[in-house]
Amino acid sequence: MKKIRIGHKSTQRQQRWFVGLMVILFFPCFFYLKLDLNQFKDGLHQIPHIANMMMQMSFDQFPDLMDGLLTSLIIAFLTVVISVVISFFLAFVIATNTAPVPLLAKIIRAIIVIIRTIPVTIWVLLAVASIGFGSMAGVLGLIFPTVAFLTRVFSDQIDEAGKDIIEAVKAVGGGWWNLVFNGVTPQLMTAFLASIAFNFEITVAETVILGIVGAGGIGVLLQEYISFYDFKPLTLGILIVFITLFLLEMTTNLIRLRLSGRGHK
Amino acid sequence: MQTAAAVKQKKLKRNVSYALFAAAVVFSLWYIQFSFSEFISGIPIFLHFLFTDFLPPKASDLPSYLQPVLDTLAYGVVATVLASIIGLLFGFLMARQTTPHPAIRTVLRGFISLLRNIPFLVWASILVVIFGVGSMPGIFSLILFGSGFLARVYAEAIEEIDSHATEALDAMGAGYLQKIKHAVIPAFIPGFISWTLFMFELSIRASSILGLVGAGGIGSQIKLTMDLFQYNRTSTVICILIVMILVIEFMTKRIRERLI
């Protein structure tokens, strides 16, 4: 990306600005960190050894890993189910065109911003610290960021759905519950389902690693293998995680494609 | 118009999917021995923990966290710059218009998806084993993850570019590098800036949790204080983290508005 001159002036300015900023920030930061060359060399010498151990993949732990994977998937599934129920109502409370109490909506919005700023891993860490290790802590910790995410997505979708349907329901004298269940929800069902599918994908990716902080699932096993230098089953574990996430990505893409296809009809 | 039979079939289909869903929930609850009573009673415990053990944050030792904050920022900058260089290289090799050979594109796509789909904390823990505790595994895992992420989004940004400019240059007999220089790069710059800034945000968020596996940054303070049960110090660190993330989001937003 260095010094490629192009005639276009504003492009040139942007480039100089940005590349300059990157270079100016990079060097002080790089030297500030004082990366140790010897540590780097030692590490490089380790790599063939560890790679060699990882190559000797063993299937001994396969049942355990599958059990862990299923637990991870279940944690994600339950989290999403519970979160969808909560955030469905919260979304109608905070969406600007359906909010019953505007002040309450504002407060909830602010709380959501704060919840979303804290990384998911830290929520789970807090849950583990308060109610102990296990899948329950995983679900509890994940619920906060998931509810925050889904509430925001849902409320955005409700806002986008426009005023027409809301006015129509109000005009015939429908109350708030009619508005929610007979007005907006049927129209937005596909949009909601698509975002739920997307959210499930993200949550699974998160539960897989959450075992590392003690929230159950396959991550616990991976963490154990790594800390005991037991690299033989680790490769299998990583492979299982990779295949799961890959398949999930493909499935949700397919679901979203189908849902959006149906939505356009 | 739908016939009665079609309506009936639709209804049946819906009922079957409800039943399957219910079965999945029941199975899940049974499999991880999830008890609702315990879970519901867990929520007050959690909130109680949050508001009594955790809050208020202990503000007295704020200066001692300056070092980890600077570390985290430096990780973010170094990892973003290096990942964007690697990502650019891979991105150009991967994008349909700029790839030298379709086979390279397929192979790289597979490789990058492997990089991306293995969770970031797993990379970090493996690198901690290789390089030992410290800032090195943290930075390397950020770079590894970041190059995968950036290569993919850069390639997508390049593929989204209108093909008119490249076709025009093709027609004039421009070479490969000339095409990249005069057609691809000018159109790609906004996407590049935007995604690189986003990567910086991501790396700040990520380096906050890197410490949990022993890879340095502000996350190590979170782990340290929690292991010592000094929860009000943990909340100080988390507050710093929130402020840091918000400030960085605000700054990147401003830069984006000015440059694009």
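**A tour of the chain A and chain B contact**

Select A:Q39, A:F40, A:G43, A:L44, A:Q46, A:I47 and A:I50 in α2(A); they meet B:V129, B:I130 and B:F131 in α5(B). Contact means heavy atoms within 4.5 Å. Helices are DSSP runs (H or I, at least four residues), numbered from the N terminus. Sorted by type, the residues of this contact are seven nonpolar, three polar and no charged. Nonpolar covers Ala, Val, Leu, Ile, Met, Phe, Trp, Tyr, Cys and Pro; charged covers Asp, Glu, Lys and Arg; the others, Gly among them, are polar.

The model is predicted: local features need pLDDT of at least 70, side-chain atom pairs count only at pLDDT 80 or more, and totals for chains, interfaces and linings use all residues. Residues are numbered from 1 along each chain as its sequence is written, chains are lettered from A in the order written, and side-chain values use heavy atoms, without hydrogens or water.

Chain B brings 75 residues and chain A 70 residues. About 6600 Å² is buried between them, with 83% from carbon and sulfur atoms. Buried area is the accessible area (1.4 Å probe) lost on putting the two parts together, summed over both. Colour α8 of chain B, residues 176-210: with twelve residues, this helix gives the most to the chain B side. That side holds 56 nonpolar, 13 polar and six charged residues.

Look for salt bridges (Lys or Arg side-chain nitrogen within 4 Å of an Asp or Glu carboxyl oxygen). Across the interface there are zero. Over all chains there are six.

Finish on B:E159 and B:R105, a salt bridge with its closest N and O atoms 3.2 Å apart. B:E159 sits in α6 and B:R105 in α4, 54 residues apart.

Notes
Helices (H or I, at least four residues) and strands (E, at least two) are DSSP runs, numbered from the N terminus.
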